[in-house]
Amino acid sequence: MNDIFIWLIVLWTFIMLGLMIIGGYFMFRKFLKKLPREDGYSELDWQDHYIQQALPLWNEESKALLNELVSPVPELFRDVAKERIAGRISKIALDDRAGEITLDHIMKGYIIATPKKDHKFMKKKLNELEIDYTPYEDLFQYADDEKQKFSIFEQTERISSRSE
């Protein structure tokens, strides 16, 4: 009986340690995004800045489309994904000096902000909504990739200057 109890404690210790490591990993990633960069602002600060600047450009139609596009994301992460995508869309629209957010801006920001591992789900959702993403195929190379570790906001020049 004593041996079983000791093994259960050891097993429970490893399970708790594993869960703490996983939780710490995600907290550390969020911490890194909140760290200021050379300009004094973090990735999340810039994201919020672009969203606030472009808020008047968002109409009800574009907000509804964004909500529909992030609907496959689990509810727990949906708000974070929506802010991330909205930040990219807002940056692209502001760089284009647009009068309002259009489908073109939404598609560019959506493709870039969606991690490469989720492209299959993204394409499925676009097909369900009958949105043609073939004109934007070249943007998939700039999509968020955990391995490259670059700021998507630094990619805007390449996206804005691409030939339509």
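We're looking at a predicted model, so local features need pLDDT of at least 70, side-chain atom pairs count only at pLDDT 80 or more, and totals for chains, interfaces and linings use all residues. Residues are numbered from 1 along each chain as its sequence is written, and side-chain values use heavy atoms, with hydrogens and water left out. The protein has seven helices and zero strands; helices (H or I, at least four residues) and strands (E, at least two) are DSSP runs, numbered from the N terminus.

**Overall make-up**

- Reading from the N terminus, the elements go α-α-α-α-α-α-α.
- Of the 164 residues in the protein, 34% are buried (buried is under 20% relative accessible area, exposed over 50%, partly exposed in between, with a 1.4 Å probe and protein chains only).
- Among contacts in the protein with a separation of 6 or more, 63% join residues 24 or more positions apart (a contact means heavy atoms within 4.5 Å).

**Helix packing**

- Take α3 (residues 60–69) and α5 to start with: their axes come within 11 Å and cross at roughly 30° (axes are lines fitted to C-alpha atoms, for helices over the stretch in contact, and angles run from 0 to 180 degrees between N-to-C directions).
- That makes α3 and α5 roughly parallel to each other (angles under 35 degrees count as roughly parallel, over 145 as roughly antiparallel, 65 to 115 as roughly perpendicular and the rest as oblique).
- The α3 and α5 crossing is right-handed (left-handed if the near helix is turned anticlockwise from the far one by less than a right angle, right-handed if clockwise).
- On the α3 side, Ser62, Leu65 and Leu69 make the contact, and α5 brings Leu103, Ile106 and Tyr110.
- α5 also packs with α6, at an angle of about 155° and with the axes 10 Å apart, so α5 and α6 are roughly antiparallel.
- Here Met107, Tyr110 and Ile111 of α5 meet His119, Met122, Lys125 and Leu126 of α6.
- Tyr110 turns up in both places, in the contact with α3 and in the one with α6.

**Serine 90**

- Serine 90 sits in helix α4 (residues 75–95) and is buried, at 0% relative accessible area.
- Its side chain reaches the backbone oxygen of alanine 86 at 2.7 Å, a polar contact (a pair of N or O atoms within 3.5 Å; within protein, one must be able to donate a hydrogen and the other to accept it, and residues adjacent in sequence count only if both atoms are side-chain atoms).
- Setting aside neighbours within four places in sequence, serine 90 touches Tyr50, Ile51, Ala54 and Trp58.

**Positive phi outside glycine**

- Arginine 97 isn't a glycine, yet its phi is positive, near 55°.
- You'll find arginine 97 in the loop between α4 and α5 (103–113), and at 73% relative accessibility it counts as exposed.
- Glutamate 130 is another non-glycine with a positive phi, about 55°.
- Glutamate 130 belongs to the loop between α6 (119–128) and α7 (156–160) and is exposed, with a relative accessible area of 75%.

**Loop residues and their partners in space**

- Leucine 35 is in the loop between α1 (2–34) and α2 (43–54), and is partly exposed at 35% relative accessible area.
- From leucine 35 to aspartate 45 is ten residues in sequence and 9.5 Å in space, C-alpha to C-alpha.
- Proline 72, in the loop between α3 and α4, is partly exposed too, with 47% relative accessibility.
- Proline 72 and lysine 125 are 53 residues apart in sequence, but 7.8 Å apart in space, C-alpha to C-alpha.
- Lysine 125 is also one of the α6 residues that meet α5.
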